[in-house]
2 protein chains.
Amino acid sequence: MGLVVRSHDSEGSVTATDQECIDTIRCLSIDMVEAAKSGHPGLPLGAAPMAFTLWDRFLRHNPANPGWANRDRFILSAGHGSALLYSLLHLSGYNLPMEELKRFRQWESKTPGHPELGVTPGVELTTGHLGQGFAMGVGFAAAERFLAAKYNREGFPVVDHWTYGLISDGELMEGVCAEAASFAASAGIGKLIYLYDDNQVSLEGPTSLSFTESVVDRFQAYGWSTAEVEDGNDLNEIFEAITAAKSEPTYPWLIRVRTHIGYASPKQDTREAHGEPLGAEAANATKARLGWNHPEPFFVPDGVRERMGEAVPNGAAAEAEWQTLRAAYAEAEPGAATELEAVLEGRFPHGWTNTLPRFSPVDGPMASRDASARVLNVLASRFPTLMGGSADLAPSTKTIINGSSSSSQESPEGRNIHFGAREHAMASILNGLAIHGGIRPFGATFLIFSDYQRPAIRFAAIMQAKSLFLYTHDSIGVGEDGPTHQPVEQLWGLRSIPGMTVLRPADANETAAAWEIALQRQGPVAIVLTRQKLPTFDPEKVPTRSGALRGGYIASESGPDAPELVLLATGSEVAPCLDAARLLGEQGIPTRVVSMPSVELFEEQEAAYRQSVLPPGVPTLAVEAGSAVGWWRWVGTQGDVLGIARYGASAPGPVLFQKFGFSPENIAARAKALRERSEHGAEEPTESGTEPSES
Amino acid sequence: MGLVVRSHDSEGSVTATDQECIDTIRCLSIDMVEAAKSGHPGLPLGAAPMAFTLWDRFLRHNPANPGWANRDRFILSAGHGSALLYSLLHLSGYNLPMEELKRFRQWESKTPGHPELGVTPGVELTTGHLGQGFAMGVGFAAAERFLAAKYNREGFPVVDHWTYGLISDGELMEGVCAEAASFAASAGIGKLIYLYDDNQVSLEGPTSLSFTESVVDRFQAYGWSTAEVEDGNDLNEIFEAITAAKSEPTYPWLIRVRTHIGYASPKQDTREAHGEPLGAEAANATKARLGWNHPEPFFVPDGVRERMGEAVPNGAAAEAEWQTLRAAYAEAEPGAATELEAVLEGRFPHGWTNTLPRFSPVDGPMASRDASARVLNVLASRFPTLMGGSADLAPSTKTIINGSSSSSQESPEGRNIHFGAREHAMASILNGLAIHGGIRPFGATFLIFSDYQRPAIRFAAIMQAKSLFLYTHDSIGVGEDGPTHQPVEQLWGLRSIPGMTVLRPADANETAAAWEIALQRQGPVAIVLTRQKLPTFDPEKVPTRSGALRGGYIASESGPDAPELVLLATGSEVAPCLDAARLLGEQGIPTRVVSMPSVELFEEQEAAYRQSVLPPGVPTLAVEAGSAVGWWRWVGTQGDVLGIARYGASAPGPVLFQKFGFSPENIAARAKALRERSEHGAEEPTESGTEPSES
């Protein structure tokens, strides 16, 4: 539906205190930006009325317990308006003292430039990259729907909350936002209300320069319900629109609110109001125009303190009521209640690691994507909220949870999510699912398409969200689809993200270990899998599980003598290295193979262990069918890397492995050459990749 | 406008030869996929009629000269349907013999899995990542509009062609596509027609699983004109729709064509038809249902050969007519004609490098983004088609061409493009502008947002498109905006992309050199710039220009003695390294500073030069306010890297540089420790980053 709210539609009244609250929010925001000499005053001045209306009339939250599981979520997706959010949190009684507002954007303050999860009580998500908050909010709402469907019982709506957000025109230009919006409607996600701060100004000037579409029509085309508020200072209009949206909880809602950036300031309606301090003079002029009679900065009138402080007792009462409900639920539905508590706390089922499949060579060669599918399905039976899907590639990524339905409005308890060809939004939605709590989310696509997800992966890492990214088709092994589809620089690209863990297992048992690590690891994890088959190593001979748990380990020695060469490999390159080591051993060169499914885990081991695996002074050749860029740290300028320094090609995978030099014979030859060079003293690093051979 | 075309609207007739041509395209596509045992038969079977209609009735091209500047462009944005395109190219007389069709997806064939620019004559763009072709096509149309506005004269429409594309539902789910669509309408781009292959099946199943929006309504909301063809096998309907679109050249057009994936095959309308061979039996059944009576594969009936071969004389005639026009134009408008020829050939104005600004210390400290703005504006006066813009950050990225207007329908000759907050589409559109020819495009955003552009940057590199990416706000120097906005892993992330050149200049003169390199370099270039001020080095003492042209060079020696330490730095870290070297020199440790604005350029230098700059055996500390991941190659395990192994923080930039250890004092201390370690023999690499100090 498309609703246009105008003043004459409205009932109710706006009190002088309401207005004073709004102006306090505005003036605090001005003061913060002025004190920092940095920040964004424009959004808080324009959006304060809608934010106040939402927080005052609708938002159910408990400032004394920001972690209350059933709170409504508020996302300041337009994170540059952080001063607005900090003002709201402070005035609503969160543990964010005025001193912190005065230290806006300073070293180790609780009021950083953009909202950061874990830094400020009441901040639900790190935001600031346009569109990420919007998409993560869809994840919040999806989490709520799933948990409600799975755990609520007649008379016991223990999971029952809304997701609200405040979004900007810049965000609505971002592709991730478009993907998430289309997904939300297709998936029938409800209890999601976004207030669109339509101030018609973006950083370069009026939005007419670059953004002429009808946002409301676009959202209706997706299947959203919409409402329009023509006067963003009219609390009644805003109230009516949100009330209307709440009356239709099965749709996602976009409420367009026409506002004025930098409202009441001399820079109102100009791009200059967006991202720089007003300056003392303009700040004073703004306060004067607001009728603000308090010369000292950071002033909060008593009436405002009292009124907005009501959030504290109201929140305590709301949570207490819910605790009562939960206690009755626990009595009436002990099984569901126990499970809900366990999933909300992220507990592990007893003995779950023992149920992981163990593979042996008699299972035959197996693509690691297939091994992963088996592990996923075993784990899905133990972890009731392990859920996820793929960006329209589930049959290829092998990420279907058997026996569960597709997640949809008709089947909200379905654990298979059809994200569509929307890699970026998928990753953001995973982050929302993970941060919401209660869910263990995974999302799958081809490794090459991790490029589409970079901003969201980084957000997962910065928030330490337990988002699990499954990437298949991990190298030139993709074969015929060719260079566009063959990852080269993606592995090191992911490993470079601070706080990220990347696992590239070499066989089926390493794959099981990768899952075992992923579920326990802090922060986001990527498991990188093959399309092509890999041999399964004999776990009696190759300590795949215990080794993988340490990130890297000795997979084989070619003989009893101390190694004179080390082949360091990951994933599908471990097997040809084992063969190469055999060849070298036969030639009288004792050679060790090290499998390193996770550089990050290996890095965390004690130095003594690391040196026992990669002995200093022994020439080391790293072998990975991807960019060499990060391997030099581990092999040194005296070592060598057999990687790929160009793009792949379109041909059958085995042909490509041969042409790009990953045959056991070529690996052995390259390693031998390295050993000879190192005996004579290498002058400088060799080339980092290999060109396909002429033959 | 929204047009729905139905059969009864149509005039004209479809001949038996038309049908035979279509079925030949279908059968060749089947045969290619069967021969390769790999590929995507579904799209060619369903989309052959619209593709044939477009190529037969509308596309103006010259198979004998695929590089004809004024040809219409056809983009198979849905690149997985490559067999369709190769069939069309072969039958239309391009230099793509049947032998190549038989070698579909094989090593070094001209028929790779997805279309690749430069591999196959007539392929306009590398495609295959959903949405990239769509967005690059917007760049094609934008290039045409600009060149036409600038160079056409009354009676001489020497630049006058259309851009056509074939797109899929998967693409329409991608954010990059949404961004590009919204931009195209906002910018008033016309002469752009996309045929949407609406087969209602995606890889996971029916699109109803994940894609329930009304695409046509959405595109109308953007401001596109639309048409709908309800029977994708009806050539008259298709003809009418394209004709209608061509009658309104000022709008971008989306023509939705309802088709059936895997048409006529036993797998029709199922996801199984999408991406795997039909298999011999189903292939035969399909041919039988099409009434195809030729048992041998790769068969082309004579009538089809003749009819589709008409493209050769038609194309020759079209180009000849244009050459006549161009000759008359050259006579009538010699100035414009000469300039147009020069820009189409990418020629350089005589002596252009001499006009580059030279900076000296008296210019005072200057942010490299400001130096870049000065260089850009000088170059813009010499290169008439140097154009570009920013993703809604032009006032911050300093990328406005003074004295030129904003590009729009009203002012199509404007050289300042307002891309809006659409980083990904911007990058793709740059690629389209660059590949079209005639334009030197640049696009600017903050370095952190390069993450949003990764797929498009990679496409620039894979195609070796001369897209210039300007990235400002390049480190923790961003300051108060905090960790979300501070790049860490982005520098090495970009350097890891094969075929990409990254330049991070250390001062204003290195910035000028970076531009000088960028305009001449093959393939995409990123110039990475600061928000904060940097000292300007005395070019008499620091060979900024000549050094930068070699990628890396000796910026200073602390004294006459051979260096015992090397500090290797880029960008804003060069200046504190010069100070650190001074401190070390005073302590009796001869120290060299190497500035390395481009690792890629340095890597291309001869070994003797490289070793003269980075002498083997001298302990080297790399200093860069970003991830250390790739520096180990250059410093070795006996060296050290002062980088950042975590996220940044929100505080003033100078505070952060201090806290993160980039003060001259800390650099000197770290270097000294390295030298002492190396004298005693280092055991293994030290940690790669630094934690903020406690103080």
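The model is predicted: local features need pLDDT of at least 70, side-chain atom pairs count only at pLDDT 80 or more, and totals for chains, interfaces and linings use all residues. Residues are numbered from 1 along each chain as its sequence is written, chains are lettered from A and ligands numbered from 1 in the order written, and side-chain values use heavy atoms, with hydrogens and water left out.

Me: How much area do chain A and chain B bury between them?
Reply: Buried area is the accessible area (1.4 Å probe) that two parts lose on being put together, summed over both. The contact (heavy atoms within 4.5 Å) takes 107 residues from chain A and 108 residues from chain B. Carbon and sulfur atoms account for 54% of the buried area. The total is about 8,800 Å².

Me: Which residue of chain B meets A:Arg105 in a salt bridge?
Reply: A salt bridge is a side-chain nitrogen of Lys or Arg within 4 Å of a carboxyl oxygen of Asp or Glu. Four are found across the interface of chain A and chain B. For A:Arg105 the N to O distance is 2.8 Å, and the partner is B:Asp481.

Me: How far apart are the C-alpha centres of domain 2 and domain 3 of chain A?
Reply: Domain bounds come from an automatic or database domain assignment. In chain A, domain 2 covers 352–534 and domain 3 covers 550–680. The C-alpha centres of these two domains are separated by 26 Å.

Me: Which three residues supply 31% of the area that domain 2 of chain A buries against domain 3 of chain A?
Reply: The area buried between these domains is about 2,400 Å², with 58% from carbon and sulfur atoms. Three residues of domain 2 give more than any other three. They are A:Ile476, A:Trp492 and A:Arg504.

Me: Which residue forms a salt bridge with A:Glu604?
Reply: Between domain 2 of chain A and domain 3 of chain A there are four salt bridges. In the one made by A:Glu604, the closest N and O atoms are 2.5 Å apart. The partner is A:Arg521.
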